[in-house]
Amino acid sequence: MPYRMLHLADLHLDRSFAGLGCQGDLARRRRQGLREALRAAGQAAKDRGCDAVSIAGDLYEHERAGIDTERFLVETFDSWQPMRVLIAPGNHDALLPGSLYRRAEWSANVHIFGESHFEPVELSDGLTVWGLGHREPAWQGDPFACEPVSGLSGIHLALFHGAELGSRPEGKSIHGPFRVADVRRRGFRAALCGHYHRRRVDKAAGLLYPGSPEPLTFDETGARGPVEVAIDGGGDVRFAPVDLNRWWMASTACEVSEHGSTASVVDAAEAACRVALEELDPDHTMVRVDLTGTVDCSIPLDAFSLEAAMRERGLAAHVKVRDLTTPHVNAAAVAAERSTRGAFVRAVQSEMESATDDEEAELLDDVMRYGLMALSGAEVGLR
């Protein structure tokens with residue numbers, strides 16, 4: 001019963017990338033890169049002699065996927081025949097009315113799991129994949145609220161999109177919650193999952209998250225791609241990561257306390273970018289630069305303008321700047337001035353003394369920062 005599969009998840013076709021500051025041609029390049037990643041996975045599966053490809057949800061984003069995406073997927077999966085394609089819809093590509101999964105005419109090699117409980121598909125004699133699909137974006141069911149398969153003969157694998165609660169990344173949404181111990185407790189040799197974008201290959205627990213095949217946020221660094229799942233004649237399940245990503249993310253901090261002008265800050269950010277880009281393809285790398293330190297409030301650290309300056313230098317496909325600096329204000333000295341600046345600082349200080357909570361105090365800090373920037377003649381931009 002030797003069998004070989006390639007497992008992937010969380011491709012997120014048609015993603016906007018607006019949250020990364022991507023617009024226009026760059027956003028189109030990133031979306032095209034996601035399509036190329038799916039094609040590359042199919043080619044890798046063929047090259048490795050795989051019998052099937054499994055996809056554990058978030059293949060596309062429902063609210064953005066149109067007829068072109070539908071046709072792309074139909075044509076791509078059809079070209080993979082005779083390899084089988086097993087799809088377990090997730091929260092972003094849930095089986096809603098009008099879903100791309102429901103309206104497309106799929107080739108015979110495609111199977112989409114349409115129920116929110118495990119259903120079996122026999123792949124070969126003695127090997128069964130049990131899959132389920134999210135029928136709504138906010139599905140909170142437990143995938144393993146099912147009868148155990150331990151009493152059945154053969155090797156059993158689970159395929160679904162869900163959140164393993166013991167390793168949930170901070171802030172990650174919970175869909176299809178479960179515990180890793182449930183995999184073996186219910187008699188499954190392995191769970192082929194999606195939802196977490198960081199790769200997790202845990203042979204001992206039988207848990208596999210391939211991660212997103214191309215990076216979607218600045219936190220998704222390093223090599224990425226699908227994972228080969230090989231089942232040998234004795235039923236042993238082995239995982240082998242396959243690195244295929246063409247796009248890269250890099251993040252770096254840039255301490256700018258000693259810099260007295262916007263130009264010198266840009267020079268420092270450029271130097272930090274060049275270090276972060278070492279050994280990466282700059283044409284396919286997006287860099288986030290976090291400016292840190294204490295800066296004179298008269299220096300206009302407008303992130304949008306700084307990003308434009310970095311683009312002019314052609315360092316990478318995209319540079320995102322975050323201003324995490326603390327404004328330096330000698331409030332006592334300015335307040336003593338018999339000037340408009342002094343009157344402004346005294347007024348803000350008075351409000352600060354009566355602030356009732358941290359949120360109001362933070363707001364007044366920004367008032368002080370932006371007000372002094374404006375009074376010094378600097379161009380004011382939001383942080």
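Q: Why are strands β7 and β8 called paired?
A: In this predicted model, five bridges join β7 (residues 155-161) to β8, and the two strands run parallel. Pairing requires at least two bridges, so β7 and β8 qualify. One of the bridges links histidine 161 to its partner in β8, glycine 194.

Q: What makes β8 and β10 a pair?
A: Two bridges join β8 to β10 (residues 207-209), again in a parallel arrangement. The requirement is at least two bridges, so this pair also qualifies. Alanine 191 stands opposite leucine 207 in β10.

Q: Why is β8 described as mostly covered?
A: Buried means under 20% relative accessible area, and five of the five residues of β8 (residues 190-194) are buried, so the description holds. Ala190, Leu192 and Gly194 point one way, Ala191 and Cys193 the other way. In a regular strand, side chains alternate between the two faces of the sheet.

Q: Which residues touch the most other members of the largest nonpolar core?
A: They are Leu38, Leu59, Leu73 and Phe77, in a core of 38 residues. Helix α1 (24-47) is among the elements that each supply at least two core residues, and the largest share, eight residues, comes from α1.

Notes: Residues numbered from 1 in each chain as written. Predicted model: local features only at pLDDT ≥ 70, side-chain atom pairs only at ≥ 80, totals over all residues. Heavy atoms only, no water. Core = buried A, V, L, I, M, F, W, Y, C linked by side-chain atoms within 4.5 Å. Buried < 20%, exposed > 50% of the residue type's maximum accessible area, 1.4 Å probe, protein only. Helix = DSSP H or I, 4+ residues; strand = E, 2+ residues; numbered from the N terminus.
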